[in-house]
Amino acid sequence: MSNKFLHDNLSSVGSNLYFAGVSVKELAMRYGTPLLVLDEGKMRSHINEYKDAMAKYFGKGSMPLYASKACSFKEIYRIVDSEEVGTDIVSPGELYTAVCAGFDMSKAFFHGNNKTDKDIAFAMDNGIGYFVCDGIEELDAIQREAAYREITQKILLRIAPGIDPHTHKKISTGGIDSKFGSAIATGLAETMVKEALARSNVELMGYHCHIGSQIFEVDPYIDAVDIMSEFIADMKAKFGFEAKVLNLGGGFGVRYVESDPTISITENIKQIGAQLDKKCAEYNLNKPIIYLEPGRSLVADAGLTIYEVGSVKEIKGVKNYVSIDGGMTDNPRFALYQSSYTVLAATHIGEEANFKCTLAGRCCESGDIIQEDIYLPKVTRGDIIAVLVTGAYNYSMSSNYNRVARPGVVIVRDGESRIAVKRETYDDLISLDL
């Protein structure tokens with residue numbers, strides 16, 4: 001296999017790219033473009049790596065929770081549910097999708113810094129397992145809605161441990177100035193524990209923290225274990241409450257380009273587990289059930305997006321553009337974060353990539369770029385382009401800007417393909433218009 005392929009679900013036959021054993025060119029011809037393709041086998045493999053490592057190094061009851069915001073549609077929840085793991089959701093829309101897919105909602109965790117009363121009621125009426133409570137107003141609303149239903153609702157408190165994971169500021173959420181959670185350093189976290197324990201229809205099960213995204217080092221997670229273990233011990237001493245659950249969030253990084261490092265999920269979990277054991281012994285704590293919330297690291301490299309070239313514009317001595325039939329409407333991450341991607345000419349594999357160009361989208365925006373200053377073979381109208389590692393935060397962040405229809409989603413496994421999400425039509429675009 002050529003070293004140009006980042007991941008083991010890519011291969012080539014002649015000049016054509018194959019993804020999970022399926023021809024990218026044939027997928028484009030059969031389903032049209034743009035098209036998001038997800039490798040079900042790769043996703044299941046990642047889920048099982050987490051499951052096995054967490055069972056071995058964290059202990060009984062620990063499990064991954066699929067972070068829905070990475071990519072949410074019904075078939076994703078069916079896959080996750082069949083693997084007998086949980087999910088975290090951040091909106092009533094994600095919740096409704098999971099419910100309609102038949103997901104076991106007792107294993108669903110509802111996040112978010114601004115859950116409305118309607119959101120909370122809707123979640124309870126659909127049997128939500130846990131709320132990850134973000135503030136005092138939410139705690140009051142959970143208590144009120146639970147009392148009305150004469151139930152006791154399980155919650156975790158979202159805690160801001162004050163860790164800088166040295167990642168992109170826009171996706172770093174563990175600091176004390178974050179809109180998420182209650183900071184330990186300011187005393188608000190302690191106040192939230194006291195208030196939660198005083199609510200008669202709320203059962204505080206433990207704590208949640210999330211320090212950021214696309215993190216390649218294990219050290220920030222070790223720091224999180226240290227800080228959260230000390231906090232658990234402190235709350236035990238002050239209030240007699242010992243957390244049964246500790247959710248350490250998500251954030252393990254994935255390789256988008258050749259320069260990104262390779263990490264071992266199993267090795268990271270092993271090191272985190274060892275530190276947890278050490279801290280539990282140091283503070284005389286019972287080992288809590290541990291949850292992690294991988295989203296990106298479960299689906300990112302399980303996906304790629306296929307486009308068709310529309311034009312090649314050469315501005316002599318200045319810049320070259322390869323324009324495609326998608327763009328920021330199906331992948332806004334370059335516009336938002338200047339995110340790096342690996343781009344391949346799927347119908348010219350093996351040819352010399354000596355044409356420096358910018359891969360541009362079709363929107364009426366100069367910032368509609370997928371990737372700048374990349375090298376491709378010389379492509380022409382009708383050629384197929386593949387952008388790799390697009391399984392996370394592409395479909396879920398897609399939009400109808402410029403009234404562009406969202407792409408379809410196809411799942412491949414064992415050399416076969418099936419539609420998971422139908423391509424939007426023009427009628428879909430106007431379906432809510434009066």
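Two strands pair if DSSP finds at least two bridges between them. Helices (H or I, at least four residues) and strands (E, at least two) are DSSP runs, numbered from the N terminus. This is a predicted model, in which local features need pLDDT of at least 70, side-chain atom pairs count only at pLDDT 80 or more, and totals for chains, interfaces and linings use all residues. Residues are numbered from 1 along each chain as its sequence is written, and side-chain values use heavy atoms, with hydrogens and water left out.

**View 1**
E11 spans residues 202-208. Of its 7 residues, 6 are buried (under 20% relative accessible area; exposed is over 50%, partly exposed in between; 1.4 Å probe, protein chains only). Strand E9 (residues 153-160) pairs with E11 in the parallel sense over 6 bridges. Here Lys-154 stands opposite Glu-203 of E11. Strand E12 (residues 245-247) also runs parallel to E11, joined by 3 bridges. Tyr-207 has Leu-246 of E12 as its bridge partner. From E11 the chain crosses through helix H8 (residues 219-239) to E12, in a right-handed β-α-β crossover. Right-handed means that, with the strands pointing away from the viewer, the path from the first strand over the helix to the second runs clockwise.

**View 2**
E7 and E8 run parallel and are joined by 2 bridges. Phe-109 stands opposite Tyr-130 in E8. With helix H5 (residues 117-125), E7 and E8 make a right-handed β-α-β unit. E8 also pairs with E9, parallel, over 3 bridges. Cys-133 has Leu-157 of E9 as its bridge partner. E8, helix H6 (residues 136-149) and E9 make a right-handed β-α-β unit. Which way do the E8 side chains point? Tyr-130 and Val-132 point one way, Phe-131 and Cys-133 the other, and all are buried.

**View 3. The stacked rings of Phe-109 and Tyr-130.**
The structure holds 11 aromatic pairs. Rings of Phe, Tyr and Trp (its six-membered ring) pair if their centres lie within 6.5 Å; planes under 30 degrees apart count as stacked, over 60 as edge-to-face and the rest as tilted. Phe-109 and Tyr-130 are stacked, 4.4 Å centre to centre with 5 degrees between the planes. Phe-109 lies in E7 (residues 108-110) and Tyr-130 in E8 (residues 130-133), so the pair ties together parts that are 21 residues apart in sequence. Both residues are buried.

**View 4. Lysine charges over phenylalanine rings.**
A charge sits over a ring if NZ of Lys or CZ of Arg is within 6 Å of the ring centre and within 35 degrees of the ring normal. The charged end of Lys-115 sits over Phe-110, 5.7 Å from the ring centre. For Lys-378 over Phe-355, the distance is 5.1 Å.

**View 5. Ile-155 and the nonpolar cores.**
A nonpolar core is a set of buried Ala, Val, Leu, Ile, Met, Phe, Trp, Tyr and Cys residues joined through side-chain atoms within 4.5 Å. The largest has 126 residues. Ile-155 is among the members that touch the most others, as are Leu-17 and Tyr-207. H8 gives the most to this core, with 9 residues. Another core, of 9 residues, lies apart from it and includes Leu-65, Phe-109, Leu-156 and Tyr-291.

**View 6. Thr-329 in its loop.**
Thr-329 lies in the loop between strand E15 (319-324) and helix H11 (333-337). Is Thr-329 buried or exposed? Thr-329 is buried, with a relative accessible area of 4%. Leaving aside neighbours within four places in sequence, Thr-329 is in contact (heavy atoms within 4.5 Å) with Cys-363, Ser-398, Ser-399, Tyr-401 and Val-404.
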